[in-house]
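Here's a friendly walk through a structure that may be new to you. Have a look at it first, and then we'll go through its charged pairs, its interface and its cores.

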Amino acid sequence: MKIAVIGAGIVGSLIARKFTRYKVDVEIFEKLPDVGWGVTKANSGILHAGYDDEPNTLRAKYCSRGNEMYTALSEELNFEIKRTGSLVVAFNDEETKIVEELLKRGKTNGVKELRILSKFEALEIEPNLSREVVSALYSPNAGVIAPWEVAQAAVENALNNGAKLHLSTEVKSISKEGEKYKLNTSKGFFSFDAVVNAAGLWADELAESAGVKVTPIHPRRGQYILLDQPNAVRTVIFPTPSRAGKGILVLPTVHNTTLLGPTSEDLPPNEKEATDTTAEYLAKIVEKAKKLVPLVNLSKTIRTFAGLRPENDIKDFVIKRENNMIHIVATRSPGLTAAPAIAEDIVEEIVEKFDLQKRDNFNPVRKAIPKIADMGDEEKEKLISQNPSYGRVICRCNKVTEGEIVEAIKNGARTLDGIKFRTAAMFGRCQGSFCTVKIMNIMKRELGKDFEDITKNLPNSNVVDGVVR
Amino acid sequence: MKKLEYDVVILGGGAAGMGAVRGALSQKVSVLLIEREASTGGVLNQCIHNGFGVQVFKRELTGPEYHEMYLEKLEGFDAMYETTVLDIDSENGILKAISTDGVYEIKYGALVLATGARERPFEALRIPGSRPSGIFTAGLAQHFVNLENHLPGRKAVIIGSGDIGLIMARRLTLEGVEIEGVYEIMPYQGGLTRNVVQCLKDFNIPLYLSTSVVRVHGRERLKGITVAKFANGKPVDGTERFINCDTLIASVGLISENDLVEKNIEISSDGGAVVDDLMRTNVDNIFAAGNNICIHDLVDFVTVEGEMAGRNAARVAKNEKMAKRIGIFKKGKGIRIISVHYTTASDPFKMYVRVDHPMNVCTLRMNDTNLKTVLNAKPSEMIELTFDPSKHNLKGNLVLSATEVKR
């Protein structure tokens, strides 16, 4: 029995990992050179509580369950969750009414521990919040993660348990061949008994190629500004939502920076790579963020970025089954939160259908790269005595050591961004101006690559171009 | 954990730190230098152009020459290389550092911060568009070319006319890289006039003032940028122009590196460590010198400050009685940067200031007293002032101002 999982984003990677518990061959196909680099890489990274989703939607079904599942998942896969809590802030009576609606909806959805805060309670929880606040909906269960880290962890764990990963391999179409499915990829044809399509922004087109009609996806762009302002806020702060969406937020990250965004720009269906930022929307982010938290300091900008979320006209996830194919389409917000719950259901469905048996030797634990910056003195001393390269700081902004970078390479990093998104080196305020050369020298040594062959992320994103003489 | 104790500990082995080593050694105390890199010299090592040492050595040297010649003056100190300080406990005079040998706890009598500066990265400017490879700070490009022997690209634009950007325009031209132009958002240059002349004019590289990048293009490697004219800090509609290039080099300012000590000492609104004329911070046994107090034009100034910081740190470590702060300098009209924020009533000293806009003839005043008249004052060129505390009333604020003399 062979199963293909298409897409190594948060959904695909969690599904693939879950399959490796069973006696089945799992192969993951990812178009990009690394895992978690599509929709998963550039979103707000929030574990939503689940009050926002209309009852009887798949969003409502999966969001709060997914949120709860993250705790156990983070213990097995060793990624960081900050349970920061979230606030939906009302600035007038009209907004207070909407916030009260959200409380009701949250209760219907089974969200626990939701409550409305007075102005003073809100300011106590979030001292830097605008003094204009009238009331706020507080959810202690909301949190933040680095979404790509979850995808990396799940894939690492899946590979340890026997899965196979095809990076830089685009699945162009799926076709039926007798009882089997044939994947036509950029690296040739592959044949499988079952297929899970978790191809993110391209899941609709891929389903279409297999003759399955689904509601089409269009990209919704979200631009962000990342600030080197640690502890500016403690919780994820939302404005009161409008028809346009959840609005522009101010939130803390797991890297102790502050994130502003996202915008919500609906783009035409064919603009699935349109991740440019724009002057107009960056200005809008600043304006809206300052309204929530007046002390956000733009002179502390680390960088801006944009990501695309898969949106559709029905504003809900679409999970479409046809024979032994499952297409997971438009996992728009709160898709990240919902992902573990979706993965559980999809895998169980196929397990039952094929009567798959559990493997005896499944190891659910993935070890994280040790982080010197987070350790106490004794722990540091011990690790450095075992492996001195953990005493050599390479990234001075985030205090990332050579040992961590070597470990990231062992875990599959092959590009500068691969290292950046595994270690947080080059993620800080200097954006790699001090450590890029050092990291390239480590890559050169560990991978036997010339400087010319080292890329930032995509195939033609070389860093240098030839030698001086 | 290994424990060490020194009279004077110096953080950073660049020009300021080496100066501090020399200053401290002159007072016969025990000295430890802690440096992140594998050797002393800091950024001097990659500055292979000349222009260093005119004041200290009375001759023009390259960066590596300046480093080597200065290092020869230093004898009898301990140094830890590839060592990173992670925390400073200024109340107890203890810092923690790590290296491949493990964790160190180091007790100091006095500490000198000589941590220099970092470059403002292009990403911090929030320029719209894409995020491809091919974007470098000038210092990173310089590192690739001068220390790693690699070219950043084939056709480059330089954003910002800071000194390192100007130096790199010449350096890359000499190595066969086409420099399309240097773009400066302000109506005046950011670097020294001598660099504009020697690095741009001599090589026919155009400098576009009041012009900067408004959009980045290219998904993988940089494919080009759009530039536009700027007025009052905003792009002017209709002035956009696309430039085909594979490399963007940003020389858009240096930021004093004080992240480690933000919680320990007073930091100015410009990000520099606030010091008095003894180079002492608000913590009696912590001193600072060089680019972490403010960004300097000349390494020679940095060396002199470092020597003073090291000497005074050693005196504190020996429990000598030091003069108290009396006067407070304030930035008045026309002044952007001052290197020293407080004065004691001790000897005359040198301080450095920058004006906030170009002036043909400018008078520098301390309250109502004229200090100096400067021709062709520019923000890019530091003005050296000698201040004699005995000649001023030190009570109240000492407001330093620069006014244009109308002819």
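What follows goes from salt bridges to the chain contacts and then to the nonpolar cores.

A bit of housekeeping: this is a predicted model, where local features need pLDDT of at least 70, side-chain atom pairs count only at pLDDT 80 or more, and totals for chains, interfaces and linings use all residues. Residues are numbered from 1 along each chain as its sequence is written, chains are lettered from A and ligands numbered from 1 in the order in which they are written, and side-chain values use heavy atoms, with hydrogens and water left out.

**Salt bridges**

Let's start with the charged pairs. A salt bridge here is a side-chain nitrogen of Lys or Arg within 4 Å of a carboxyl oxygen of Asp or Glu. Over all chains, the count comes to 57.

| Lys or Arg | Asp or Glu | N to O distance |
|---|---|---|
| Arg59(A) | Asp53(A) | 3.0 Å |
| Lys104(A) | Glu101(A) | 3.6 Å |
| Arg445(A) | Glu402(A) | 2.7 Å |
| Arg396(A) | Glu37(B) | 3.6 Å |

How open are these residues to the outside? Buried means under 20% relative accessible area, exposed means over 50%, and partly exposed is in between (1.4 Å probe, protein chains only). Helices (H or I, at least four residues) and strands (E, at least two) are DSSP runs, numbered from the N terminus.

Arg445(A) and Glu402(A) meet in a salt bridge as well. Arg445(A) is in helix α12 (residues 436-447) and Glu402(A) in helix α10 (residues 402-410), both of chain A, so this pair ties together parts that are 43 residues apart in sequence. Arg445(A) is partly exposed at 49%, but Glu402(A) is buried at 5%.

Some salt bridges join up into a network, which links Asp228(A), Arg396(A), Arg429(A), Lys438(A), Arg36(B), Glu37(B), Arg118(B), Glu257(B) and Asp259(B).

**Where the chains meet**

Now for the interface. Counting contact as heavy atoms within 4.5 Å, 52 residues of chain B touch 54 residues of chain A. About 4700 Å² is buried between the two chains, with carbon and sulfur atoms giving 52% of that. In chain B, Arg126(B), Arg131(B) and Arg219(B) lose the most area to chain A, together 16% of what that side buries. Buried area is the accessible area (1.4 Å probe) that two parts lose on being put together, summed over both.

Across this interface there are 11 salt bridges. On the side of chain B that touches chain A, α3(B) gives the largest share, four residues.

**The nonpolar cores**

Last stop: the cores. A nonpolar core is a set of buried Ala, Val, Leu, Ile, Met, Phe, Trp, Tyr and Cys residues joined through side-chain atoms within 4.5 Å. Which residues have the most contacts inside the largest core? They are Val9(B) and Leu95(B), in a core of 65 residues. Helix α6 (residues 299-317) of chain B gives this core its largest share, eight residues. Leaving out residues up to four places away in sequence, Leu95(B) touches residues including Val9(B), Leu11(B), Ile34(B) and Val85(B). A second, separate core has 48 residues, among them Val406(A), Ala408(A), Val464(A) and Val196(B).
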